[in-house]
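Let's take a walk through this structure together. Please have the sequence and the 3D view at hand as you read.

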Amino acid sequence: MNPPTLPHQASAPDEGGTPTPTPEDRRHVVKRRWITAIIILLLIGVPAGYLAISTQQSRESGRDKAAKVGASEVRPGWPSKVQRSIYEVPIPAKAWKVGFLETNNWRTSRLFTAFAVTPADLDAFLVSVGTSRDALVAGDVTISPHDSEVAGWSWSPRALWYGTTLEQADPRPSRDITVDLTDPEHPRVYVVSTTTP
């Protein structure tokens, strides 16, 4: 009686079953190595390149933020709508030579703004903050020497300065307003708005 045979049984190597592999020719070896190198480059090089670019962008963003936070003088540009709203400094839409600086510490936050306006826009600005030209005191620079130094502002004795201070109960801001009316057709406005959280 013959022993039972298993289905799909592999034949012994010496019976001529699976052929022995032939050595790879040089062309296939080079091709395989190139493909391996490209795969490694894609798996390692591309993410590493992305990481390097991302790191550089993060550094530049950090420098920009540090420059804004560490700014020590008013710089050209408009404060955001949120800043203008919080500090209650409604700069007229047609103002020019606009500059600002925001400073914050645990006690107070300040927004320094400067801008040039037409006489009509000066009047509209003063009304919008709750005052008028009649409230401006001739020869009065209402911005303190400390705030002037922080903002980088100096007050020429030859200029015609007018000023007023608008006090409000916390948490609403108090505002020191000084106006240069040396050229009455092109007044320049300086505001320091201070809030105490």
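This is a predicted model: local features need pLDDT of at least 70, side-chain atom pairs count only at pLDDT 80 or more; totals for chains, interfaces and linings use all residues.

Residues are numbered from 1 along each chain as its sequence is written, and side-chain values use heavy atoms, with hydrogens and water left out.

Let's begin with the overall make-up. The protein has four helices and seven strands, where helices (H or I, at least four residues) and strands (E, at least two) are DSSP runs numbered from the N terminus. Read from the N terminus, the elements follow the order α-β-α-β-β-α-β-α-β-β-β. Of the 197 residues, 28% count as buried; buried means under 20% relative accessible area, exposed over 50%, and partly exposed in between, with a 1.4 Å probe and protein chains only. A contact means heavy atoms within 4.5 Å, and among contacts between residues at least 6 apart in sequence, 51% join residues at least 24 apart. The protein exposes about 13700 Å², of which carbon and sulfur atoms supply 59%; these areas come from the Shrake-Rupley method with a 1.4 Å probe, and for residues only the protein chains shown count as cover.

Seven strands form an open sheet in the order 1-2-3-7-6-5-4, with antiparallel pairing; two strands pair if DSSP finds at least two bridges between them. Its edge strands are strand 1 (75-76) and strand 4 (137-138), each of which pairs on one side only. Strand 1 is joined to strand 2 (residues 96-104) by two bridges, and these strands run antiparallel. Here arginine 75 stands opposite phenylalanine 100 of strand 2. Helix 3 (residues 119-128) packs on the sheet, where it touches strand 3 (109-116), strand 6 and strand 7, and its direction makes about 15 degrees with that of strand 7. For such angles, axes are lines fitted to C-alpha atoms, for helices over the stretch in contact, and the angles run from 0 to 180 degrees between N-to-C directions.

Why can strand 6 be called largely enclosed by the rest of the structure? Seven of the seven residues of this strand (residues 174-180) are buried, so the rest of the structure largely encloses it. In a regular strand the side chains alternate between the two faces of the sheet. In strand 6, Ser174, Asp176, Thr178 and Asp180 point one way, Arg175, Ile177 and Val179 point the other way, and all are buried. Strand 6 runs antiparallel to strand 5 (residues 161-166), with six bridges joining them, and threonine 164 stands opposite isoleucine 177 in this pairing. With strand 7 (residues 188-195), strand 6 pairs in the antiparallel sense over seven bridges; there aspartate 176 stands opposite valine 192.

Valine 192 also takes us to another part of the chain. Serine 144 is 48 residues from valine 192 in sequence, yet their C-alpha atoms are 9.3 Å apart in space. Serine 144 lies in the loop between strand 4 and helix 4 (145-151) and counts as partly exposed, at 30% relative accessibility.

On the surface, Val30, Trp34, Ile38, Leu42 and Val46 form a nonpolar patch with about 510 Å² of accessible area together. Patches are made of residues with over 30% relative accessible area and no salt bridge, with like charges joined within 9 Å and nonpolar side chains (Val, Leu, Ile, Met, Phe, Trp, Tyr) within 5 Å. Valine 30 is in helix 1 (residues 26-69) and is partly exposed, with a relative accessible area of 35%.

How many salt bridges does a search of the whole structure find? There are three, a salt bridge being a side-chain nitrogen of Lys or Arg within 4 Å of a carboxyl oxygen of Asp or Glu. Glutamate 88 and arginine 172 meet in one of them, at 2.8 Å from N to O. This pair links distant parts of the chain, 84 residues apart: glutamate 88 is in the loop between helix 2 (81-86) and strand 2, and arginine 172 in the loop between strand 5 and strand 6. Arginine 172 is partly exposed at 44% relative accessibility.

Aspartate 147 forms a salt bridge with arginine 110, with the closest N and O atoms 3.5 Å apart. Here too distant parts of the chain are linked, aspartate 147 being in helix 4 and arginine 110 in strand 3, 37 residues apart. Aspartate 147 is buried, with a relative accessible area of 5%.

Arginine 133 and aspartate 123 form a salt bridge whose closest N and O atoms are 2.6 Å apart. Arginine 133 lies in the loop between helix 3 and strand 4 and aspartate 123 in helix 3, so the pair ties together parts that are 10 residues apart in sequence.
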